[in-house]
Amino acid sequence: MKRKRIQEALLQRKTVEGVVFIVLFFAVFTYIGNIMGLSNMLNTIMNTAHDLLLQTVFYLMGVVVLSGALSKLFHEFGVVRILEFIFGPLMKPLFRLPGVAVLGAIMAFLSDNPAVLTLAQDANFSRYFRKYQLLSFINYGTAFGMGLIVFVFMLGKGYAVEPLLGLLGAVGGCVISTRLFQRMLLRMDPSFGEMMPSVEEAMGEQRTHEQYRADMIQAKESVFIRFLNALLDGGKSGVQLGLAIIPGVIIISTAVFLLTFGPGEEGIYNGMPYQGIQLLPRLAGKINFIFDWLFGFKNAELVAFPITSLGAVGAALGQVPRFMAEGLLDGNAVAVFTAMGISWSGFFSTYSAIFDAVGYRQLTSKAILVHLLCGLLAGVFAHLIYMLYAWIIG
């Protein structure tokens, strides 16, 4: 009987959700279609998606494949360990984390946010942390997700100094947000100050003979074979990541463009790509003085980039060529985009899974709020650093 009541309640909820979805779906597209015309709206959606696939997705995939190959080479030939040795001493004074934590930033910078989870679940790695440090390590690491891709993309668009200034802004935002989250955790529960379990307690098993054998085989390979395998394996992982960003770039960017840009030439809708109803600029324009003050945005349309970065930074990067074509992009915007894109890097789509995997799902909402602050501070810092740079050279 109880099971039947639960099934009926679920069925009722699904019915209500279905009705609400249908109403909202038709309301949104009726509103847009009434402005653009139904035929023009459908043609614009399809043409924008097609153009994004050809002009943006394949370019991004090329960047991701090359970045993947480079990151694999860094791992294979010990560059990551050298970077860890150089930057490790900065971890404790800046982030209140052990020196090995720099590996999380490097791994996430070279790949994506899930790299942080791989490290956090490794008992050999986590034994260096206290509990509050390991949990804040997730926020710290994800503040650098897909950093190399964002950085190289901006370099490819002809900007050299501005992406570096943006990276400095991302570091500044990460420092404050990481230490803030640590204080929140310790105030919430003093037991978070305890050390993580040792390797033996956490794993209770030794490496197998097969693992040792695999390591020995790899050690006997020539440098050339290792170099070639690293390139191919890294490029293959880049292809997988490139395929993974396609839905975000096409779906999210198309929706954002539809809400951001206006009609075509002479104010006419004709179904061409990148036309829209200018809803986001109108809304942002009412409070654009805030974005101008915080980030130096002179055009309300630029707000679309950080908003999209929350869900998929690849989709946000897909908007940059259009901003350039519209003449909306400047050095300050590139610095701020780089900082916020790296800091947020689509963390909305990964945070719940990461905190659930480490067994602290209840902290997800607090971590998200802190990381939202991280991205905002990164954008502010990047804007201030760029202003200082422009003052020095100007």
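**Helix packing**

In this predicted model, helix α8 (residues 131–142) packs with its axis within 9 Å of the axis of α10. The two axes cross at roughly 145 degrees. The crossing of α8 past α10 is right-handed. From α8, the contact takes in Tyr132, Leu135, Ser136, Asn139 and Tyr140. They meet Cys174, Thr178, Phe181, Gln182, Leu185 and Leu186 of α10. By class, seven residues of this contact are nonpolar and four are polar. None is charged.

**Largest pocket**

What is the class make-up of the lining? It has 20 nonpolar residues, no polar ones and no charged ones.

Which element gives the most to the lining? Helix α5 does, with five residues.

**Salt bridges**

Side chains of opposite charge can pair when their charged atoms come close. The model has four salt bridges, counted with a cut-off of 4 Å between side-chain nitrogen and carboxyl oxygen. One of them joins the side chains of Glu17 and Arg13, at 3.8 Å from N to O. Both residues belong to helix α1 (residues 2–36). Because they are four residues apart in that helix, about one helical turn separates Glu17 from Arg13.

Definitions and conventions:
Residues are numbered from 1 along each chain as its sequence is written. This is a predicted model: local features need pLDDT of at least 70, side-chain atom pairs count only at pLDDT 80 or more; totals for chains, interfaces and linings use all residues. Side-chain values use heavy atoms; hydrogens and water are left out. Helices (H or I, at least four residues) and strands (E, at least two) are DSSP runs, numbered from the N terminus. Ala, Val, Leu, Ile, Met, Phe, Trp, Tyr, Cys and Pro count as nonpolar, Asp, Glu, Lys and Arg as charged, and the others, Gly among them, as polar. Axes are lines fitted to C-alpha atoms, for helices over the stretch in contact, and angles run from 0 to 180 degrees between N-to-C directions. A crossing is left-handed if the near helix is turned anticlockwise from the far one by less than a right angle, and right-handed if clockwise. Contact means heavy atoms within 4.5 Å.
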